[in-house]
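I opened the file today and kept notes as I went. The entries run from the whole chain down to single residues.

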Amino acid sequence: MRNSQKRTDKKQTDWLSRNAVQKNIFVWTFMSIAIVNFAIFYLYVNINSFVLAFTDVNGKFGLDYFKSVFELIVQDGGSLGIALKNTSIYFLYGVIVFPLGLIHAYLFYKKLKWGNFFRLVFHLPLIISAVVMTTTFKYMINPDGPLGVLYLKIFNADRVPAFLIEEEYAKWTMIFYNFWFGYAGSLLLWGGAMARIPTEIVESVNMDGIGWSRELRSIIIPLIWPTLSITILTMIAGFFSTDVGVLLLSEGSGNSGNVSYWMFAQIKYYNDYHLASAFGLTLSLIIVPVSLLTRKILGKIWADVEY
């Protein structure tokens with residue numbers, strides 16, 4: 001009897017041991033993909049960029065590329081100075097659109113008439129490939145496109161400008177595109193945060209007779225503040241990487257390029273990894289303390305609310 005019990009216990013132990021080994025193999029097989037990806041595309045890339053920033057093509061240590069970055073920034077009419085200026089303009093556009101998007105998300109949350117239709121119109125670009133959207137937009141602003149024809153009729157012009165090439169129009173065309181096709185992201189994010197607000201809170205507010213503007217300022221914003229603060233922090237941290245579709249639309253024509261495209265151009269057209277790495281490290285030294293300070297300030301405005 002005892003021997004039979006021992007054999008049974010041994011079989012169970014062996015089965016549990018084999019099961020544990022198989023489970024570990026299964027888990028580590030999938031984790032290894034993420035680990036390899038992190039090691040190659042994050043650790044290696046960042047460490048290599050750090051090394052490239054402080055060395056020249058011969059592997060000699062120095063700060064020459066950092067000096068070159070500073071000279072390019074202060075250079076009158078230089079490409080880097082223009083890219084920084086454009087990046088600031090595009091970022092300012094994002095700051096202006098931020099409260100506008102919040103108000104629109106609130107109006108959708110209040111379920112106004114035709115709200116579902118406009119929500120579909122705004123959200124449709126999110127489910128369409130960026131390449132398709134940019135190609136469609138390029139066609140629309142062509143002389144034969146609907147916006148090109150509309151421009152001729154409204155302004156009684158002789159020709160349709162090359163909106164993505166001529167310097168007078170290029171930057172504002174980029175801003176127009178992002179307002180039209182990139183506006184829905186914030187609406188979706190904030191709309192989801194508002195949808196989580198308990199109905200009991202909203203009903204009690206309505207019973208107190210509080211108006212919409214007061215409800216938005218005193219109830220809605222504090223309740224979704226964690227989402228708003230993360231959005232603001234992400235926007236600040238991504239100041240130098242503000243993407244307005246330069247690569248897919250204008251490719252920097254008409255002095256419309258931003259910092260991200262400038263760094264891309266250094267690699268693709270000039271094969272200058274050292275200068276791009278030095279500039280990237282310089283941006284990191286600027287944006288990291290600014291982001292930490294922003295996070296500290298945002299944390300003191302409203303406390304996080306759990307519901």
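These are my notes, in the order I looked things up.

**Entry 1: overall fold**

I am working with a predicted model. I started with the secondary structure. I count 13 helices and zero strands. Read from the N terminus, the order is α-α-α-α-α-α-α-α-α-α-α-α-α. Next I checked how spread out the protein is. Its radius of gyration is 27 Å, while the globule rule gives 19 Å for 307 residues, so the protein is more spread out than a compact globule. The C-alpha trace spans about 105 × 75 × 45 Å along the principal axes.

**Entry 2: burial, surface and contacts**

I looked up the burial next. Of the 307 residues, 34% count as buried. The accessible surface is about 20100 Å². Carbon and sulfur atoms hold 65% of that surface. Then I took the contacts between residues at least 6 apart in sequence. Of these, 68% join residues at least 24 apart.

**Entry 3: helix H2**

I turned to helix H2, residues 64–74. Which residues of H2 are buried? I find Tyr 65, Phe 66 and Val 69. Viewed down the axis of H2, these buried residues fall within an arc of 105°, so they line one face of the helix. On the other side of H2, I note Asp 64, Lys 67, Phe 70, Glu 71 and Val 74 as exposed.

Thr 282 touches both Phe 66 and Val 69, once residues up to four places away in sequence are set aside. Thr 282 itself sits in helix H13, residues 273–301. Thr 282 and Val 69 are 213 residues apart along the chain, yet their C-alpha atoms are separated by 8.6 Å. I also checked the side chain of Thr 282. A polar atom there lies 2.8 Å from the backbone oxygen of Ala 278.

**Entry 4: aromatic pairs**

I listed the ring pairs. The structure holds 17 aromatic pairs. One of them is Phe 91 with Phe 239, edge-to-face, at 4.7 Å centre to centre and 70° between the planes. What does this pair tie together? Phe 91 lies in helix H3 (residues 79–109) and Phe 239 in the loop between helix H11 (225–237) and H12, so the pair joins parts that are 148 residues apart in sequence. Both Phe 91 and Phe 239 are buried.

I then looked at Tyr 151 and Phe 163. Their ring centres are 5.5 Å apart and their planes stand at 85°, so this pair is edge-to-face. Tyr 151 is in helix H6 (residues 146–155), and Phe 163 is in the loop between H6 and helix H7 (167–181), twelve residues apart. Tyr 151 counts as buried because its relative accessible area is 18%, under the 20% cut-off. Phe 163 is buried as well, with 14%.

Ring pairs also link Phe 50, Phe 54, Phe 61 and Phe 66 into a cluster.

**Entry 5: Gln 266**

My last stop was Gln 266, in helix H12, residues 259–268. Is Gln 266 buried or exposed? Its relative accessible area is 8%, so Gln 266 is buried. I then asked what surrounds it. Leaving aside neighbours within four places in sequence, Gln 266 contacts Asn 271, Asp 272, Leu 275 and Ala 276.

Technical notes: Residues are numbered from 1 along each chain as its sequence is written. This is a predicted model: local features need pLDDT of at least 70, side-chain atom pairs count only at pLDDT 80 or more; totals for chains, interfaces and linings use all residues. Side-chain values use heavy atoms; hydrogens and water are left out. Helices (H or I, at least four residues) and strands (E, at least two) are DSSP runs, numbered from the N terminus. Contact means heavy atoms within 4.5 Å. A polar contact is a pair of N or O atoms within 3.5 Å; within protein, one must be able to donate a hydrogen and the other to accept it, and residues adjacent in sequence count only if both atoms are side-chain atoms. Buried means under 20% relative accessible area, exposed over 50%, partly exposed in between (1.4 Å probe, protein chains only). The arc is that of the directions from the helix axis to the C-beta atoms. The radius of gyration is taken over C-alpha atoms; the globule rule is 2.2 Å times the number of residues to the power 0.38. Accessible areas come from the Shrake-Rupley method with a 1.4 Å probe; for residues, only the protein chains shown count as cover. Rings of Phe, Tyr and Trp (its six-membered ring) pair if their centres lie within 6.5 Å; planes under 30 degrees apart count as stacked, over 60 as edge-to-face and the rest as tilted.
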